[in-house]
Amino acid sequence: MSDLFTRLEAENASYTAAERQIALFLLNNREMIPFETAASIAQRLDVSAVTVGRFCRMLGFKHFRELKEHLRMSAHLPWLAGQAFQDFLSDFTDSDKRRRTLEREIELLVAVYERSQHKVWSDTVALIARSRRVQIVGFQTERGIAAMLAHNLQYVRPGVELIDSASGHFADVLIEDPSDRCLVIIDVRRYSSTSRHLAERAADVGIPLVIITDTLCDWAPRLTANVLAADSDGALFWQSAVPMTGLVNLLVNDIVGHGGGRDVEERLERISALYEDFVGFVRPTRTRGSDA
């Protein structure tokens, strides 16, 4: 089974564009493959089911069903199969569509945690943790995700900047000394031409690059090995932010843990004191002797 994924990674550069999309989907969604069909993958990737079938035959399988059976045992989703979870779902009073939405959201979040066990995750965590400056930029609907990552990291470490793309030139990224810093770009389908161009220019000038994107982005791995993926293709009208939010939360957690949490507690205490000084916190008041 691992040989199949090793083959997909090794042969990726020789595939056609459509084959590369299918290979990336299999590599980045291996724990979800048993729940897919050739038609559902074709619809996600905007290719034909015939193309999916042809790719499976090229890999040595009669059809996608045979490949799926080959991989079924690799799905590690114990809490999706547990009786307690099924009982919870059976009590759902809303439509079947809402139930399927919940199942899909959980599957996508589980996939993020599965991918966090890969070497690319630990390498990316180490890069961000050791960089003196971390510059973060998001495009399209992912601007909010970029802001969340930047603001959370600013609490636990210095040298974190949220880049404003409004200037249109990215001089604060591209003309400064690339040493001892890294750039984090966040974007998903349909990918902004600006995000790809910025990634290409950053790679050209030697800026260590992290790209946080979806599982179908075939250009990011050509520019950096530090690609973290979260599939946003949920069952809602709008793309789901749950997997990407989970990725950011887990990433911040592991960056803190990378250095054993050194200096984080002291920094948070100092930030809390400054916030108390400038703004203050709202706390419930209790009168001495009161039962309130």
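**Reading a sheet, strand by strand**

Author: Gladly! Start here: I185 stands opposite I211 in β4. The model is predicted, so local features need pLDDT of at least 70 and side-chain atom pairs pLDDT 80 or more, while totals for chains, interfaces and linings use all residues. Residues are numbered from 1 along each chain as its sequence is written, and side-chain values use heavy atoms, leaving out hydrogens and water.

Reader: Which strands pair here, and in what sense?

Author: Two strands pair if DSSP finds at least two bridges between them; strands are DSSP runs of E with at least two residues, and helices runs of H or I with at least four, numbered from the N terminus. Here β3 (residues 181-186) and β4 (residues 209-213) pair in the parallel sense over 4 bridges. I186 has I212 as its bridge partner in β4.

Reader: How does the chain get from β3 to β4?

Author: A crossover is right-handed if, with the strands pointing away from the viewer, the path from the first strand over the helix to the second runs clockwise. This β-α-β crossover passes through helix α12 (residues 193-204) and is right-handed.

Reader: What is on the faces of β4, buried or exposed residues?

Author: Buried means under 20% relative accessible area, exposed over 50%, and partly exposed in between (1.4 Å probe, protein chains only). L209, I211 and T213 on one side of β4, and V210 and I212 on the other, are all buried. Since 5 of the 5 residues are buried, β4 is largely enclosed by the rest of the structure.
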